[in-house]
There are 2 protein chains.
Amino acid sequence: MSYPVNIAVDCMGGDDDAFFVLPGLLLTLKKYPNIKLQLYGDEEIIRSRISKYKALEQASQIIHCDTYVKMDEKPSVAIKNGRGKSSIWVAIEALKQGNADFMISAGNTGALMAMATLILKTISKIQRPAIAAIWPTINGETIVLDIGATIGFNKKQLIDFSILGASMAQVILDVKQPTLSLLNIGEEEIKGLDEIKSSHEMLKSTEYFFRYKGFIEGNQIGRGFSDVVVTDGFTGNIALKTAEGTASQISQYFKDSINRSIMAKVGYIFAANAFRSLKEKMNPSRLNGGVFLGLNGIVIKSHGKTDPIGFSSAVDLGIHMHKAALIDKIKSNIKLTEKEVNID
Amino acid sequence: MSYPVNIAVDCMGGDDDAFFVLPGLLLTLKKYPNIKLQLYGDEEIIRSRISKYKALEQASQIIHCDTYVKMDEKPSVAIKNGRGKSSIWVAIEALKQGNADFMISAGNTGALMAMATLILKTISKIQRPAIAAIWPTINGETIVLDIGATIGFNKKQLIDFSILGASMAQVILDVKQPTLSLLNIGEEEIKGLDEIKSSHEMLKSTEYFFRYKGFIEGNQIGRGFSDVVVTDGFTGNIALKTAEGTASQISQYFKDSINRSIMAKVGYIFAANAFRSLKEKMNPSRLNGGVFLGLNGIVIKSHGKTDPIGFSSAVDLGIHMHKAALIDKIKSNIKLTEKEVNID
C-alpha cells in the first residue's frame, strides 16, 4: 500500500477507563508503521497518556471532544447529549467525510450502533445493519451474524445478513465462494419458524455468490460447518455469550483440577508448552472485534473489557477490511444478488 | 420407600439400536434393587438382549409392542403410525393408567412430546409443556427451560415455565426458595422484547415461592447465577447446543495440545488424576436427561446418543422426581401462585 491507512479512534470508550487503547494502538503501529491515527476524546487525558509512547505520538493527531458516551448510557440519551460533540459521534463524522478509512471504539455498543446508523446510513438495499463476530472453530474461523443489533427473524433481513456475512468471509477468510448456513433447532415440525423457513427456501432455490448449506444447530458452529452462520441478533447474542461463558467455565474447571495436587502441578509444568497453545486458542483477545456490517463505512466495536493485545487485534481487523475494500465488495455483491433475486 | 418404583421403559428409542438401554437399567437396579421395570418394545429383541442380565430379567416385565417410532419420523407421522401400538405410546398409556410411576425414552423427542401431551394432557392451568435440562455450573447445577418444546416468547408461558422450573429445582436441587432469572440480551433499548419485558415486570412485582433475580445473559448461566433460567424453546435449545458444542470443541483442543509432544504426554500422566476429575465434570453422561414438565405424569427424555451410564443417570433422575412427588409439588405451587397473581 502506498497510501497510509487513516484510522479514527474513540479513545474514551471501554471499561477500566479505556487504558488499553493507546498501548493497543502502539502494537498495531509496530506491525503497520504506515498508519495515521486520529485520536478522539479529552485532549488532556490523551496527552497525559500518550507522552510515554513517542512513536505513537508522532503518528497521531489528537482531536479534542467536549464529551463522551458513558458505558451504561441509553442510546437515545447518548444521542441527545452527544450529538455533534461526543468522541464517538465526531470520529464517525470523520469517517463519513472521507477523512478516515474506518472507525473503532470499545465503548457503548448500543450508542455506537445508533450513532453510526444515523450518520453513515445503511448501504442502499440493506434494511438494517448487523453486528458480525468472528467465531473460533476446530478448523479455523466462522463469521456469525447478527450478534445483537436486531431482534426477531425477518426474511428480508436474513437474506441481507447472508450477503453481508458472505462478503466479509470473502475478505477475512479469503474464500471466493463462502459456505453459509442458517441457525435453527432440530425439531422440524414445530411451529413459529415461518420466517426462517421461508429464508431457507429462498436461499436454497437461488444461485448466490456464496454456497448455502442449509440449517445448522448450535453445536455445529464450533465444528466449522460453514464459513458464515446467519441468525437474528437476539439468538446470535445468546449463542455467543453462552459459548464465551462455557469456555470460561471450563477454564475454571481446568485451573481447579491443576491446583488439586502437587502431581498435577508437576504435570502441568511438563505440559506447559502444550497448554500455552491451548490457552492461546481459548484467549478471547485473539479474535476481539465485532464488525458493524451494512453501513456506508467500516465501524469496529472492540470488546469493552479487553487488553492492549485485544484492542490491537480489533484495529488490525479494520485495517484488513479496509485494504480489502469490504464496502465495495458488499455493494458489488448486492448488485450481483439483485440480478438473481428480488429481495425487497 | 416401602413401595417399589414402577418404571415404564421404551426399549426401542435411541441411536445405535438403543443397545445402552438394558445395561443402563442394570446399573440403576444395582443402586435401587427395589425397582420394577416394564420394558416396552419388540419382545424378541428384548428377550435376546436381556438373557445375559439375570437380575434385570427378574425385575422386569416385557410388554410386546407391534411397532416403534423411528428416530427421524415426524411427530404427526409417528402418531398416525404408532397410535395405540408403538412402544412409546403404550409405555405412556401405562403411566396414564397409574401402572407406572414415570416413563423414560431415548427416542424421537418430537414424537415423545406429541404423544405424551396427547395422552397425559397438561396440568390444569398450564398452557404448554416444556423440556427442562440440568445445566452444570461452576458451583453446582442450574435448571434451564424450555430447551425445545416451544417457539417464541409468550408471557403466560414464561410464567408457567417459572413455576414448573422452580418446582423442579425444589426437588432436584433441594432448595426451599429457588432463585430464578429470565434469559435476555444486554441491549436495553432494543425493540421486540415486549413479551420478555412484561414477564419480567410480572415476576418482579409479585411474591412467589421462588425468588426472581431479573435478567441473565448467556455467559452467566454457567456461573450458577440462579437455580432456574427461563426462556423459550428456540433460544434455550440454541443455548444448550452451543454450550455442548463449545465443550466438545475445547476437549478437542485439549487432546490436540496433549498429543503435540512427548513432554506434554509425560505431563498428562503426572496430572492424570486431576484430568480425570476434569473429564468427569465435562462428561455429558453425568447430567443426561431432559424432563418434560407441565404434564400429568413424569416423562424423561434421555439423549439418543448416550451410553449405559448416561441412560442410567436419566432413570435415576426419574426415580428421584417420583419419590419427591414432583407432580404434586407442581400442582400445589400452581395453587400457591394463583392466590398471588392471575396468570391467565
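**Strands and their partners**

User: Which residue of β11(A) stands opposite S105(A)?

Analyst: In this predicted model, S105(A) faces K301(A) of β11(A), and the two strands involved, β4(A) and β11 (residues 298-301) of chain A, are joined in the parallel sense by 4 bridges.

User: And how many bridges join β1 of chain A to β4(A)?

Analyst: There are 3 bridges between β1 (residues 6-10) of chain A and β4(A), and these strands run parallel; V9(A) has I104(A) as its bridge partner in β4(A).

User: Are the residues of β4 in chain A buried or exposed?

Analyst: They are buried on both faces of the strand, which spans residues 102-105, with F102(A) and I104(A) on one side and M103(A) and S105(A) on the other. In general, side chains in a regular strand alternate between the two faces of the sheet.

User: Switching to chain B, what is the strand order in the open sheet there?

Analyst: The order is β3-β2-β1-β4-β11-β10-β5-β6-β9-β7-β8 (chain B), which makes an open sheet of 11 strands with mixed pairing.

User: Why is one side of β3 and of β8 in chain B left without a neighbour in the sheet?

Analyst: Because β3 (60-64) and β8 (211-216) of chain B stand at the edges, where each has a single partner strand. From one strand to the next, the twist averages 25 degrees.

User: Which strands of chain B does helix α9 of chain A touch?

Analyst: Helix α9 (residues 233-258) of chain A packs on the sheet and touches β5 (130-137) and β7 (179-183) of chain B, with its direction at about 35 degrees to that of β5(B).

How values were computed
Residues numbered from 1 in each chain as written. Chains lettered and ligands numbered in written order. Predicted model: local features only at pLDDT ≥ 70, side-chain atom pairs only at ≥ 80, totals over all residues. Heavy atoms only, no water. Pairing = 2+ DSSP bridges. Axes fitted to C-alpha atoms, helices over the stretch in contact; angles between N-to-C directions. Contact = heavy atoms within 4.5 Å. Buried < 20%, exposed > 50% of the residue type's maximum accessible area, 1.4 Å probe, protein only.
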